[in-house]
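Student: I would like to learn how to read salt bridges in a model. Please start with the rule and then go through the cases.

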Amino acid sequence: MTGTHVPDALAEPVVPVRAGWVGLLFGANTGLWLGIYAPIQVLLPEQAELLDGAHKELAFGIVTGVGALVALLTNPLVGLASDRTRSRFGRRHPWTLAGALCGALGLVVLALAGHVAVMVAGWCLVQAGLGGMLATLTSAVPDRVPVGQRARIGGLVGISQMLGTVLGAVLVTVVVTSLPGGYLACAAVVVVGAVAFVLRTADSTAVASNRPVRGRRAVVAGLWVSPRRHPDFAWAWGCHFLINLGNALGTFFLLFFLADAVHYADPDTGLLIMMGLYGVALVIGGLVVGFLSDRTGRRKPFVLAAAVVMAAAAIVLVLWQTWPAALAASPLLGIGFGAYWAVALAILTEVLPAAQDRAKDLGVVNVANALPQVIAPLAATGILAGMGGYPGLFAASAVATLAAGAFILGVRSVR
């Protein structure tokens, strides 16, 4: 087993993690993101058009928005539960596996869906399961990774998100071309990645002081992180939310953008090309910035640079809705998002309020991933309908991303 030493649940890690452990975490995260983004980028839009072609944007927005609302709730709740779980299998691993199985079940439901309402139910299961899995996998970083190694690991986590997105697009457009088969293939990848991580890595157990939270009021109170008492956490959360909002506004409707604004002959292939360019650039940005950030000990300058580069990608598409512009914007967005993720996870884990609540607090952080998925589809639908069309949509993306750069300046405890 990789990492057979069972770590102290609350101690700040000091022993660098090995390549085997990193590889298993990378694989589990890649499967998770594939299970989320292959449906969002390809399968759900195609299914929405198949089931309700006249209102495809609205149907897609409802499915993704409601599902993201579910993830917004389950992510911190599963984090809170895992912080206080005591079992011979550990405190994180049972929830990681349960989340993967729940997400896979939702993908099976989507494969069988013949109505938009069933799509909503299936996507809610996916988001509930994979949102909980995200909380426990993210908490593995502060549980096991020393501070001086976190930007490099953060870069790899960002790359896993990209790789899951790109591999998911390849899987459901090239390898498995049927809609039901695509969903089932995604389910299999999610489960395999989770099972490998759970079986091959050690897990810590809850400390005696971390007792289960009972009662609705106690649960709600336990989820709250006071911005007044923990301002650095609040500023970092706001930055993370705005970056993800800008990214969601800029990427959620790319398939429709290629079809309806660029008039690209084969939107599926066009999206795959864009994701390939995005992916290569993200890997470069994540690896280079992760190394530089850990080497120098600085985080915030890289966030500022990433925000500017991502905003520039959106502005390119504000000015030109053409295929060459899309090709130019894709690597810009990739290198910016890769650079951001390399330092984001390092910053966020360094401003957590309490060691005993790592997964819960990172679940609250992951709300900043999920909430934009609720807001962006609804906001984008309104912008596309009457507030500037696609130029307005990409302009909103640029504004949100630049605002994220302003928020990171409020964090005082991180350089």
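Tutor: A salt bridge is a side-chain nitrogen of Lys or Arg within 4 Å of a carboxyl oxygen of Asp or Glu. Side chains of opposite charge can pair when their charged atoms come close. The model is predicted: local features need pLDDT of at least 70, side-chain atom pairs count only at pLDDT 80 or more, and totals for chains, interfaces and linings use all residues. Residues are numbered from 1 along each chain as its sequence is written, and side-chain values use heavy atoms, with hydrogens and water left out.

Student: How many salt bridges does the rule give?

Tutor: The count is eight. One of them joins Lys-56 to Glu-49, with 3.7 Å between the closest N and O atoms.

Student: Which residues are linked in a network of salt bridges?

Tutor: The network links Asp-83, Arg-91, Arg-92 and Asp-143. Arg-91 pairs with Asp-83, the closest N and O atoms being 4.0 Å apart, and both residues are buried. Arg-92 pairs with Asp-143 at 2.9 Å between the closest N and O atoms.

Student: What does the pair of Arg-92 and Asp-143 tie together?

Tutor: Arg-92 is in the loop between α2 (56-83) and α3 (93-112), and Asp-143 is in helix α4 (residues 116-144), so the pair ties together parts that are 51 residues apart in sequence. Helices are DSSP runs (H or I, at least four residues), numbered from the N terminus. Arg-92 is buried at 3% relative accessibility, and Asp-143 is buried at 6% relative accessible area.

Definitions and conventions: Buried < 20%, exposed > 50% of the residue type's maximum accessible area, 1.4 Å probe, protein only. Helix = DSSP H or I, 4+ residues; strand = E, 2+ residues; numbered from the N terminus.
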